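Please look over the model shown here before reading the points that follow. They are arranged by region, and each can be checked against the coordinates.

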Amino acid sequence: MSLAAQANDLQLLSRGRLLLGLGSQIRAHITRRFSMPWSHPAPRMREYILALRAIWGCWYDGTKLDFRGDFYTHTLMTPFFNPGPNPHGAPKVLLAGVGDHMTAVAGEVADGFLCHGFTTERYLREVTVPALARGRPGGDLAGYEISGTPFVATGRTEPELEDAIRGVREQIAFYGSTPAYRGVLELHGWGELSDELHRLSLQGRWKDMGTVIDEDVLRAFAVVAEPGAVADQLLRRYGDVMTRMTLYTPYDLDPEVTAQIVGDLRAGN
């Protein structure tokens, strides 16, 4: 209910430009970082989005609020708390995921999908897209938003490129240490790498973890190229799948270089 109200306000203030991004996070962070309960992430998220839509339907269409689920129940809406119709309608809901269960939920009940940065072209094509299609009527993804955050390691000089590669290696290692994301590595036959990274994370050796990301793993997850060649590689890998991109650059990158890559992407798309 709180999120429905906040999203409604932002949709109004942005004149209909809000993309509401949701994600479940993983169990350890929910229970140990946020001190909140954890249960059935994919079914719970499916119901959460349906509850949002029921609340918005009450406000926008005058539908009686009567949502009753396994996790959420919303049956009271007095006129004082009803903001009324939004002239821009409901915001689009984009759902993040990695595993095929959550991804299928995104295909079923969300308007789009937020690809995790920890993905590869192979995983995207062999796991993510088929899972999204399973959730869509007739498997049709036409008009469906797929927003990606591909890793990019680039620089205008050798020292800049080396710094970029180091930052990307460390970020790949951080995500790779998460057991919930093991499936991405296993698809490539790198399951043992997941075990090693998890072991190092438990020892608090965060900086050491990047050194175990070899060249094959790095280039599977990231585009590594000089600035002028980045856009072509991104479009070759993802141009026919992703409808929008946000460059994932976990290091200091000159804004002028970013602008150059964005311009190249727009020109080549």
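**Notes on the predicted model**

1. Strand β5 (residues 112-115) is joined to β4 by four bridges, and the two strands run parallel; strands here are DSSP runs of E with at least two residues, helices are runs of H or I with at least four residues, and both are numbered from the N terminus. Two strands are taken to pair if DSSP finds at least two bridges between them. Within this pairing, Leu 95 has Phe 113 of β5 as its bridge partner. The chain passes from β4 through α4 to β5 in a right-handed β-α-β crossover, a term meaning that, with the strands pointing away from the viewer, the path from the first strand over the helix to the second runs clockwise.

2. The model is predicted, so that local features need pLDDT of at least 70 and side-chain atom pairs count only at pLDDT 80 or more, while totals for chains, interfaces and linings use all residues. Residues are numbered from 1 along each chain as its sequence is written, and side-chain values use heavy atoms, with hydrogens and water left out.

3. β4 also pairs with β1, again in the parallel sense and over four bridges. In that pairing, Gly 21 stands opposite Leu 94 of β4.

4. Helix α3 (residues 41-61) has 21 residues and spans 29 Å from its first C-alpha to its last, close to the 30 Å expected at 1.5 Å a residue, where the expectation is 1.5 Å times one less than the number of residues. Its buried residues include Ala 42, Met 45, Ile 49, Leu 52, Trp 56 and Tyr 60, buried meaning under 20% relative accessible area, exposed over 50% and partly exposed in between (1.4 Å probe, protein chains only). Among the elements covering the buried residues of α3 are α1 (2-13), β1 (19-22), β4 (92-97) and α4 (100-109). The helix is followed by Gly 62, whose phi is positive, near 75 degrees.

5. The largest nonpolar core has 74 residues, and those with the most contacts inside it are Trp 56, Leu 95, Ile 172 and Phe 221; α3 gives the most to this core, with nine residues. Such a core is a set of buried Ala, Val, Leu, Ile, Met, Phe, Trp, Tyr and Cys residues joined through side-chain atoms within 4.5 Å. Leaving aside residues up to four places away in sequence, Phe 221 touches residues including Phe 118, Phe 151, Ile 172, Leu 185 and Trp 190, contact meaning heavy atoms within 4.5 Å.

6. Salt bridges number 17, counted where a side-chain nitrogen of Lys or Arg lies within 4 Å of a carboxyl oxygen of Asp or Glu. Arg 134 forms one with Asp 100, the closest N and O atoms being 3.9 Å apart, and this pair links distant parts of the chain, with Arg 134 in helix α5 (residues 121-135) and Asp 100 in helix α4, 34 residues apart. Arg 134 counts as exposed at 55% relative accessibility, whereas Asp 100, at 34%, counts as partly exposed.

7. Which residues form salt bridges with Arg 182? One is Glu 186, with the closest N and O atoms 2.6 Å apart; the two residues are separated by about one helical turn because they are four residues apart in helix α7 (residues 182-187). Another is Asp 195, at 2.5 Å from N to O, a pair that links distant parts of the chain, Asp 195 being in helix α8 (residues 191-202) and Arg 182 in helix α7, 13 residues apart.
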